[in-house]
Structure formats: structure tokens, C-alpha cells
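Hi everyone, thanks for coming. Let me put today's protein on the screen, and then I'll walk you through it.

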Amino acid sequence: MQLKRRPISTAAAVLAAAGLMLGACSTDSNEAESTSTAASSQTTTATSEAASTSTSGAMAAAAPKGPLCQAYADAHPDGPASLEVISGQNVVEALPNIPELSTLTAALTGELNPDVNLVATIKDGQWTIFAPTNAAFEKLDAATVEKLKTDSDLLSKILTYHVVDGKADVNAVVGEHTTVQGSKLKVTDGDPMKVNDATIGCGNVPTENAQVYLIDSVLLPAE
């Protein structure tokens, strides 16, 4: 019995079809690899952008904010009052290093009134301190200043009204807070930010255990 030969044309067609199938598989594989690479690139880019946004947000939250911050940085580019130095100090060490807060420091340490010394209170714990500058104290009338030198209860109430428990950065500080004195104060966002009716000249200044906000007026609790 003779074997039948497959026509050459039929064999060629089979080989051509096989070639097309292999080519299609190769194309599909390349396209899949290209799609996978593009997706991976997009994922990496998105992750990078998200990380960058998160870092930018963290840096913004950590940066001092206020119309007088640049003037402060220019006045104290280095040395004990520089932002870099005080950021690593306990607040009871940092405040005396800031010339603009010498009157507040005197009031907190017993120099203004020997019966009022809050150093031990703010040395431990975490605090947000609204710190009246020397110019803020100068707005008080002379009779009030003289009274603070002898009225320990009044001075203590005023000083503790400027202190809030917990470190609040520039984002967390906006809103109403109960002070150590017991009354509430309110921080409003804006340009500039305010606490009650006082303007925050330079806020979100970090120390080791406190966020300090330099303000232009002495805050007085409600009677």
C-alpha cells in the first residue's frame, strides 16, 4: 500500500498558520510585558508623589508660622536664641535664651513676683505656650504691672491662662482649648493667626517639650 503524500500547498499552509500563532503569542507577551512595566511605573510614580506630598505636609506642620518669623530668624541666625538651638532645649531653658521674652521669663521664674515660680510646672510634661513678648507686656498699664508684683493669685491666673496641656503644632492648635488656668481660649487661622484678640507674630516654634507661640498682647482670663 502506498502512503499518500500531503500536498505541498497544504503543508505550507500549516507551517504558515503555526508561524502566525507563534508571532501572535510573542506579540501578546511583549504587549503584556509593556503593560506590566507601564503599570509598575505608574505605581512607583504615584507612591513617590504621595510620599513627597506627605513629606511636604510634615515640613509645613513643623515650620514656624507668622509675619515675624523671618525677622526673628534674621535677628538670631545662630547662637542661644536661634531656632535650631532652642528646638533641642527644654522650654525652661529655651525661654530665657529668647531676648524678646525676657519679661515673661521674669514672671515665670519668680523675678517679677517672688511668690510665683512656674519653672517646676512647665519643666515636665508637654505644653503649648502662648508667650507674650516684651512689647506685649508694655501694653499693660503701669498700675497693673505693679499689682502683678504683689498679687500672686492674679499673676498665677494670667500666666497659667497662657499654657495649654499638650504640644499642638500649627495645624492642631486651631480651635478652642482649655488652659491650665481652667478657662478657655480660642485660636483662629488666618494671615496672621490669632489667639483670642492677640496676634501670633511667630508661632509653632518648637522646643524639646513645648510648642511656643509669640503673641503681641497679654491674654487676660475672664473674671
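Residues are numbered from 1 along each chain as its sequence is written, and side-chain values use heavy atoms, with hydrogens and water left out.

How confident is the predictor? pLDDT is its confidence in each residue, from 0 to 100. The protein averages 83, and 73% of the residues score at least 70. Two stretches stay under 50: residues 1-26, with two contacts beyond four places in sequence, and residues 50-59, with zero such contacts. By contact I mean heavy atoms within 4.5 Å. Where pLDDT is low, the predicted coordinates should not be read in detail.

Now the overall picture. The protein has nine helices and seven strands; these are DSSP runs numbered from the N terminus, H or I of at least four residues for helices and E of at least two for strands. Of the 223 residues, 34% are buried. Buried means under 20% relative accessible area, exposed means over 50%, and partly exposed is in between, using a 1.4 Å probe and protein chains only.

Which residues touch the most other members of the largest nonpolar core? They are V91, L108, I129, L155 and L159, out of 33 residues in that core. A nonpolar core here is a set of buried Ala, Val, Leu, Ile, Met, Phe, Trp, Tyr and Cys residues joined through side-chain atoms within 4.5 Å. Among the elements giving two or more residues to this core are helix 2, helix 9, strand 1 and strand 6. Another core, of 15 residues, lies apart from it and includes V164, V187, A198 and I200.

On to the pockets. A pocket is an open set of points on a 1 Å grid over the protein atoms alone, where a 1.4 Å probe fits, with protein on both sides within 12 Å along at least five of seven lines; lining residues have an atom within 4 Å of a point. The largest pocket has a volume of about 240 Å³, counted as the space filled by probe spheres set on the points, which are joined across faces, edges and corners. Helix 9 (residues 152-160) gives the largest share of its lining, four residues. The second largest pocket has a volume of about 190 Å³. Of the 13 residues lining that one, L68, T133, G201, C202 and L214 are closest to its centre.

Finally, some single residues. D191 and P192 are joined by a cis peptide bond, with omega about 15 degrees, and P192 lies in the loop between strand 4 and strand 5 (194-195). N196 has a positive phi, near 50 degrees, though it is not a glycine. N204 also has a positive phi, near 65 degrees. Where do we find N204? N204 is in strand 6, and it counts as buried because its relative accessibility is 0%. N196, by contrast, is in the loop between strand 5 and strand 6, and counts as partly exposed because its relative accessibility is 29%.

Note on methods:
Predicted model: local features only at pLDDT ≥ 70, side-chain atom pairs only at ≥ 80, totals over all residues. pLDDT = per-residue confidence, 0-100.
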